[in-house]
Structures are given as C-alpha cells and as structure tokens.
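Let's take a walk through this model together, one region at a time. Keep the viewer open as you read.

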Amino acid sequence: MSKKKSGEFSYDEAMRELQTIVNSLQHDAIKIDDLGQNVKRASELIKLCREKLHQTEKEIQNLNDDADGSE
Amino acid sequence: MKTYSLQELNEFLRRVIALNFNDSVWITAEIGQIGLSRGHYYIDLLQKEENSIIAQMSAVIWATDYKRIQRILGSNSVMQSLMAQDTLKGVLAEGMEIKLKGRLDFHEKFGLKIIIEDIDATYTIGKLELQRRQLINDLNRKGLLARNKNLRLPTVIQRIAVISSETAAGWQDFKNHISHNDYQYAFDVQFFQSAMQGSLVEKTMMHQLDSIKILSHLFDCVVIIRGGGSRLDLSAFDTPTICETIAKFPIPVFTGIGHETDQSVIDLVAHSSLKTPTAVADFIVAHNSRFEASLIEIQNFINHYVSDRLNTERGELQLAENSIQSAALYFIKNQQNMLNYIEKQVPQYAESAVKFENLKMKNFINIIDLISIEATLKRGFSLTKVNNKYISQLDEIKEGDILETQILDGVFKSKVIN
C-alpha cells in the first residue's frame with residue numbers, strides 16, 4: 001500500500017473512525033455532551049469518504065478510457 | 001699368372017658382356033635416384049629386401065629414347081585414361097618400381113650401366129595399385145579408414161591450415177575462391193609449404209603435418225591442395241606414414257588434390273575429399289552457410305515465439321485490466337453502500353441516545369416530584385418548627401414550647417403541654 005503523508009486524507013483511517021463512532025453509538029458509549037460532536041464528525045467523514053470513492057471511481061474509469069484510446 | 005692392365009681387364013669384361021648380353025632384357029627394379037642432364041635421365045636402380053639394398057646398378061635413358069618412349073606411351077589410349085598427364089614422368093620417380101627393357105653396356109672408362117630402351121608403365125601402375133590396395137587393407141585393419149571422417153566438423157570453419165605448394169595453381173584457386181565467397185565470410189588461412197610431387201612429398205608433408213598437429217588447437221581443419229597432375233604423381237601421397245597421420249589427425253583433413261577418376265588413399269582417409277581445390281573452398285563456405293541458415297531459422301522462430309507470447313500476454317493483461325476495474329468499481333459500490341448505511345444509522349442511534357436521555361430526565365422529574373414538600377403535605381404529612389427550626393425528634397422540644405406546624409394550606413401554632 002502507498003504510504004500516506006501525515007495530514008493527508010486516508011480512507012482507511014476515516015472508515016475506522018466511522019466504525020468506532022457507530023460502535024460507540026450502538027453501545028451507548030458516547031456522552032450526550034459529545035453526541036452532537038460525534039454525529040457531526042460522522043457526517044463529515046461520510047462526506048469525505050464519498051468524495052474519495054467518487055474520485056477513485058472516476059480515476060479508474062479514466063485509466064480504462066486512456067488504455068482503450070491508446071490501442 | 002699373367003698380369004693385366006686395368007684397360008685390358010675392362011676390355012675383356014666389355015667383350016664378355018657384349019657376347020653374353022647381346023640382346024636386351026626385361027628387368028624389374030626400384031628407382032633409387034634420378035637425375036636429368038641435357039635431356040638424358042640418369043637413374044640409380046636398386047632392389048630392396050626388408051628395407052636393405054640387395055642389388056644396385058646405374059641406368060640411363062638417352063634423350064632420344066626418352067622422347068620415343070614418351071610418344072609411344074602418350075599414344076596409348078588405355079594409358080591416357082589412367083594418367084591424366086605425362087605417364088613417363090610419373091613412372092620415372094624416386095621410389096617407383098619399374099619394369100624396363102634394357103641393354104647391358106660396359107664402358108672401359110664409365111663402367112657398367114643399363115641403357116634403357118623401353119619401359120612397361122603398366123607394371124608400375126599395377127605395382128602401385130597393389131601397394132595401394134595393400135595400404136587400404138592395412139588402414140582398414142587398423143580401423144583408420146573412417147577415423148578422421150568420424151571427427152565432428154566445427155560448427156563454423158574459419159581457421160584453415162593449407163598444405164600446398166606456393167606455385168601450385170590449385171592453391172591460388174583455393175585462396176581466391178575462399179576469400180571472395182558469395183557470403184563474404186572471413187577466413188584465416190595459414191599456408192604450409194610442402195612439395196606436392198616428387199620424392200620430397202613425404203618428408204615435407206610429414207614435417208608440415210607435424211607442425212600443424214602441434215598447433216591443432218588454432219585450426220578448424222587442414223586442407224591439402226594440389227592442382228591437377230597424373231595419378232602416378234598422386235601415389236606420392238599414398239604412403240603408410242602420410243595416410244596414418246592424416247587418419248589419426250586431431251582435426252578434420254580435407255583434400256582437394258585435383259583428379260577426376262580414382263581416389264587416392266589420402267582421399268579415403270581424409271574427412272572429406274573433394275575433386276578440386278575450388279570444390280574444397282565451396283564445401284567450407286557451404287558448411288558455414290548452413291550454420292548461418294540455422295541461425296536465421298532460430299531467429300525466425302524466436303521472432304514468432306516472441307510475437308505469439310506478446311499477444312497472449314497482451315490478452316491476459318487486458319483481461320486482468322478489465323477484471324481489476326470491475327472489481328475496484330464493485331469495491332467502491334460496497335463502500336458506498338456501507339457509507340449509506342452508516343449515514344442512516346448514525347442519526348438513528350444519536351436520536352435514540354437523546355430519547356433515552358430524555359426518558360431518564362423524566363424519571364428524575366417524577367422522582368423529584370414524588371419527594372417534593374408540597375406532594376408530602378398533600379398526602380397529609382406536616383412540618384413542625386420550634387424557634388424556626390424543623391424538628392424530627394421528641395428531645396428537641398420541651399414543655400411550654402410554641403410549635404409552628406405547616407400543613408398544605410397554612411400554618412398553625414400550638415403549645416406543648418406534656
């Protein structure tokens with residue numbers, strides 16, 4: 001796997017954080033004080049992950065188009 | 001006893017010989033040495049037994065006789081078919097066994113000699129043929145006939161040791177032919193001078209064969225070249241020493257000694273014998289061109305193989321590419337589904353967490369309500385104070401204290417009597 005520079009977005013890390021939030025929510029492990037913050041963070045992460053997936057999907061399709069075009 | 005002078009003795013001997021050898025006789029002998037002077041051939045005849053000379057005599061062919069004999073032999077068509085060129089010259093060579101018709105001549109001053117009047121060339125040829133067959137039999141018995149033939153030719157022949165005579169036309173032909181070949185192959189040709197006819201053949205040839213043998217690792221083959229000549233000339237090569245050496249030679253020996261009819265024995269023991277020197281050159285060039293052809297074939301095969309292989313790999317790569325793309329897109333789809341799911345879940349869980357907290361809060365309120373003073377008073381309980389201090393035990397009051405009692409709708413005072 002390619003190494004991520006610090007501060008750069010990592011899908012894997014984002015997904016892990018999301019899972020942690022979901023698990024905490026499922027098991028009532030989040031204080032009400034932190035609830036709003038966590039939900040906000042979760043929706044941020046979901047947005048970032050979606051963007052990343054979309055971007056990756058586009059890249060893959062472009063690569064394939066390039067390969068088709070070069071033959 | 002009477003004493004003679006030398007001259008008297010020699011005159012007597014001349015008369016005896018002239019009387020007793022009036023006619024010519026046929027004699028068989030070997031030629032020991034031969035010398036030419038003013039067209040006359042002076043020959044030392046000898047007879048050997050087990051390599052030692054047991055008889056010897058001088059002989060001469062006068063120039064006029066020589067021309068006559070040469071003419072007769074030359075007009076004989078059978079002879080001509082057997083010998084390519086001058087038969088007499090071929091027969092009259094050192095080491096040859098000859099049958100001659102001669103007249104004994106004794107001269108008081110020059111002594112005894114045979115005047116040769118005729119030569120039976122068929123005898124010499126027959127002898128040679130006999131020797132040739134004997135030699136072939138011997139070589140066969142020793143397993144030498146195919147020895148040199150069984151040597152593997154190098155894949156490419158480039159370093160050639162040529163044994164020939166500097167003046168031989170065949171050598172020039174070979175040199176030109178091999179250096180101007182159609183394929184422009186380069187050759188390293190080393191020349192080794194040897195007599196190609198006459199009595200020196202064996203000595204010089206053996207000397208050069210020995211020299212090449214020492215350097216055999218530097219050569220791919222030996223080529224023995226001679227440009228034409230009679231079959232009798234060729235017999236000089238057919239000695240046991242030369243033939244055995246060639247048979248046992250460590251590298252292949254090719255012969256191009258230029259004759260169309262019979263093979264000489266060195267042709268039989270050589271790796272390959274070609275009719276002419278140019279044929280030897282062609283043979284070597286053709287050998288190399290076969291190797292080049294096989295290289296071209298291999299190259300074609302490699303080209304085909306590579307292009308086939310590239311096509312296969314390209315196909316597989318395309319397949320892999322396609323499946324990687326679909327797998328990646330499938331993976332992304334999964335992740336998207338998961339995100340959708342999480343997106344729904346998070347507010348649900350958050351909402352239920354808030355609801356749960358609300359519920360807890362309500363319970364608190366209920367409990368608080370339950371234990372409030374108002375609710376207690378409602379249920380009929382009252383609060384009592386003495387000197388503005390709530391009391392809960394008897395020892396906190398005494399007789400005569402004024403009590404202030406609060407009930408739901410007001411406060412009343414009372415006095416402690418007892």
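Helices (H or I, at least four residues) and strands (E, at least two) are DSSP runs, numbered from the N terminus. For angles, axes are lines fitted to C-alpha atoms, for helices over the stretch in contact, and the values run from 0 to 180 degrees between N-to-C directions. As for bookkeeping, residues are numbered from 1 along each chain as its sequence is written, while chains are lettered from A and ligands numbered from 1 in the order in which they are written. This is a predicted model, in which local features need pLDDT of at least 70, side-chain atom pairs count only at pLDDT 80 or more, and totals for chains, interfaces and linings use all residues.

How confident is the predictor? pLDDT is its confidence in each residue, from 0 to 100. Chain B averages 88 on that scale, and 95% of its residues score at least 70. For the complex, the predictor gives an ipTM of 0.73 and a pTM of 0.57. Where pLDDT is low, the predicted coordinates should not be read in detail.

Now the two chains. Chain A has 2 helices and 0 strands, whereas chain B comes to 12 helices and 14 strands. A residue is called buried if 20 or more other C-beta atoms, placed from the backbone, lie within 10 Å of its own, exposed if 12 or fewer, and partly exposed in between. By that count, 13% of the 71 residues in chain A are buried, and 24% of the 418 residues of chain B are. Among contacts in chain B between residues at least 6 apart in sequence, 65% join residues at least 24 apart.

Where the chains meet, 17 residues of chain B are in contact with 21 residues of chain A. The chain B side of that contact has 10 nonpolar, 4 polar and 3 charged residues. Here Ala, Val, Leu, Ile, Met, Phe, Trp, Tyr, Cys and Pro count as nonpolar, Asp, Glu, Lys and Arg as charged, and the others, Gly among them, as polar.

Next, find the barrel in chain B. Two strands pair if DSSP finds at least two bridges between them. A closed barrel of 5 strands runs 1-2-3-5-4, with mixed pairing. Neighbouring strands of this sheet are turned by 55° against each other on average, direction ignored. Strands 2 and 3 of chain B run antiparallel and are joined by 9 bridges; along them, Tyr42(B) has Val60(B) in strand 3 as its bridge partner. The hairpin they form has 2 residues between the strands, and Glu50(B) there takes a positive phi near 50°. Strand 3 of chain B also runs parallel to strand 5, with 2 bridges joining them, and Ala59(B) has Ile114(B) in strand 5 as its bridge partner.

Helix 2 (residues 63-75) of chain B lies across strand 2 (40-49), strand 3 (52-61) and strand 5 (111-119), running at about 25° to strand 5. Helix 5 (residues 121-141) of chain B packs on the sheet, touching strands 4 and 5, and its direction makes about 135° with that of strand 4.

Why does Leu73(B) count as buried? Leu73(B), which is found in helix 2 of chain B, counts as buried because it has 22 C-beta neighbours inside 10 Å.

Helix 5 of chain B has another partner too: its axis and that of helix 9 (residues 240-247) come within 11 Å and cross at roughly 35°. In that contact, Leu135(B), Asp138(B) and Leu139(B) of helix 5 meet Pro240(B), Cys243(B) and Ala247(B) of helix 9. By class, this contact has 5 nonpolar, no polar and 1 charged residues.

Finally, look at the open sheet of 4 strands in chain B, with the order 12-11-13-14 and antiparallel pairing. Strand 12 (389-390) and strand 14 (410-415) of chain B are its edge strands, each pairing on one side only. Asn388(B) sits in the loop between strand 11 (383-386) and strand 12 of chain B, and its phi is near 65°, a positive value in a residue other than glycine. Asn388(B) is exposed because it has 6 other C-beta atoms within 10 Å.

Methods
Two residues are in contact if their C-beta atoms, placed from the backbone, lie within 7 Å. pLDDT is the predictor's confidence in each residue, from 0 to 100.
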